[in-house]
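Please look over the notes below alongside the model.

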Amino acid sequence: GCGVGGDVFKFVMLYDHVDFPTALRMLASRAGIAIQIDDQRAGKREGPGKDEIFAANEEASKRYQKELMQSPEAAGAREYLKKRALNTEVCKEWGIGWAPEGWDFLSGAAGPRDGPKMKALEAAGLLSANEAGRLYDRFRGRVMFTIRDELGRAVGFSGRVLKADDKAGGKYVNTPETPAFRKSRILFALDKAKREILDARTALLVEGQIDCIRCHLGGFKNAVASQGTAFTSEHATLLKRYADKVVVVLDADAAGQKAALRSAELLIAEGLAVSLAALPPGEDPDSLILKKGPEAFAAVLK
């Protein structure tokens, strides 16, 4: 219809905005064909490759989700998500799960016992090693949000603690930097939002995962979030592949405004048009949409 020619690889490259090697891997995965990368660099690689890390994360995501749905220990997590108006279907769609207390949910007897899979879990940042070299679970007692790249591959997790104490660490803990997970390059929900962004040529940038999920549930399906970390020039470059304009949603406090202006500078430097949408004091996208409906958030954006 549009006069563009080419094969299935060209179609995927244009439709998903990826390079040829990525299109090759995507199609091979879909067709169940193993790809053998035969070059000099492959021989020098140490440890599990990206595909093994993606697979380890995907398996962990399924186990976390099953734990959330079925485990008596996850009752508190289910109650928390219910209070946040995130039902079972939303949890399934967004890969929300529960990492139980204890040190061996993924690394213990019920987990993979063979070496390669354990190495993949460690390379994915899901397991850590103590001084004696014994592996233990990094995420414990947390609601787990699966983080995917723009192609929908599970690259990592963000875990929210329910019980705040001195030993718990931060309220949110992300997967550490791995070959598959670079915080400066990953935008939460871009895999779900990219088609909407491409159609509208406009992206909606919010701060947290739940804010982003709430935007999608409210009909604002072009929303993405920057993982609760600082927005980077690499994030801006990534958005430029899909959008001409970005609407940055900023909190009413001084810190939120400063962060939004910093993000705007990076986006403008990348050649994007930028608008800033100021929320009412004390509100975020999640609370505003829940309290006053999508119409109130749409008015803010307008």
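1. Strands β4 (residues 142-148) and β5 (residues 154-161) run antiparallel and are joined by 7 bridges. Strands here are DSSP runs of E with at least two residues, helices are runs of H or I with at least four residues, and both are numbered from the N terminus. Two strands pair if DSSP finds at least two bridges between them. F145 has S158 of β5 as its bridge partner.

2. The model is predicted, so local features need pLDDT of at least 70 and side-chain atom pairs count only at pLDDT 80 or more, while totals for chains, interfaces and linings use all residues. Residues are numbered from 1 along each chain as its sequence is written, and side-chain values use heavy atoms, with hydrogens and water left out.

3. The open sheet has 4 strands in the order β1-β4-β5-β6, with antiparallel pairing. β1 (96-99) and β6 (172-174) are at the edges with a single partner strand each, so one side of each lacks a neighbour in the sheet.

4. Helix α5 (residues 75-83) packs on this sheet and touches β1, β4, β5 and β6; contact means heavy atoms within 4.5 Å. The direction of α5 makes about 65 degrees with that of β4. Angles run from 0 to 180 degrees between N-to-C directions, and axes are lines fitted to C-alpha atoms, for helices over the stretch in contact.

5. Helix α4 (residues 50-70) packs against α5 at about 90 degrees, with the axes 7 Å apart. The contact is made by E67, L68, M69 and Q70 of α4 and by A77, R78 and L81 of α5.
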